[in-house]
Amino acid sequence: MSYAGDVTPPEAYAAVTGPDDAVLVDVRTTAEWAYVGVPDLSSAGREVGFVEWSRFPTGAVNDRFVDELRALGLDPGRPVYFLCRSGVRSVAAAEAATAAGLGPAYNVTEGFEGPVGAEGHRDVSGWKQAGLPWRQQ
């Protein structure tokens, strides 16, 4: 594994609201943030970082990804937890951060919405299904 590891949404929430100054970075697209919702850490006095892994609407990988992470105040040694829709783009983000010397970097498995269930809906797992705080943007 080329990053620090995988964690569940509840484990990520505990880490990014805990004492270690860990950061949650949502790497979905601007459209996903606007139409699906975003994690909300305000009750813990924390903010979520938003950096697209791939650009909307083209889907091209964000060539300024690491620069934008650094602009959030990420430094080597500060834990960072990456969240996407279902836990795929966040793996790539964790790998890129690790390669750039940032982190330890973690992937939030299941992502914000989780995988598609038997009924064809994203309602079986993920940040939202775990009952973690979120809001419409």
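In this predicted model, arginine 78 and aspartate 21 form a salt bridge through their side chains, at 3.2 Å from N to O. The pair ties together parts that are 57 residues apart in sequence, because arginine 78 belongs to strand 5 (residues 76–83), whereas aspartate 21 sits in the loop between helix 1 (9–16) and strand 2 (23–26). Across the whole structure, the search finds 6 salt bridges.

**The pair of arginine 78 and aspartate 21**

- Aspartate 21, the loop partner of arginine 78, is partly exposed, at a relative accessible area of 40%.

**The pair of aspartate 67 and arginine 64**

- A salt bridge joins the side chains of aspartate 67 and arginine 64, with an N to O distance of 3.2 Å.
- Aspartate 67 is partly exposed, with a relative accessible area of 38%.
- Arginine 64 is likewise partly exposed, and its relative accessible area is 44%.

- Arginine 55 is partly exposed, with a relative accessible area of 29%.
- Glutamate 52 has a relative accessibility of 6% and therefore counts as buried, the cut-off being under 20%.

Note on methods
Residues are numbered from 1 along each chain as its sequence is written. This is a predicted model: local features need pLDDT of at least 70, side-chain atom pairs count only at pLDDT 80 or more; totals for chains, interfaces and linings use all residues. Side-chain values use heavy atoms; hydrogens and water are left out. A salt bridge is a side-chain nitrogen of Lys or Arg within 4 Å of a carboxyl oxygen of Asp or Glu. Helices (H or I, at least four residues) and strands (E, at least two) are DSSP runs, numbered from the N terminus. Buried means under 20% relative accessible area, exposed over 50%, partly exposed in between (1.4 Å probe, protein chains only).
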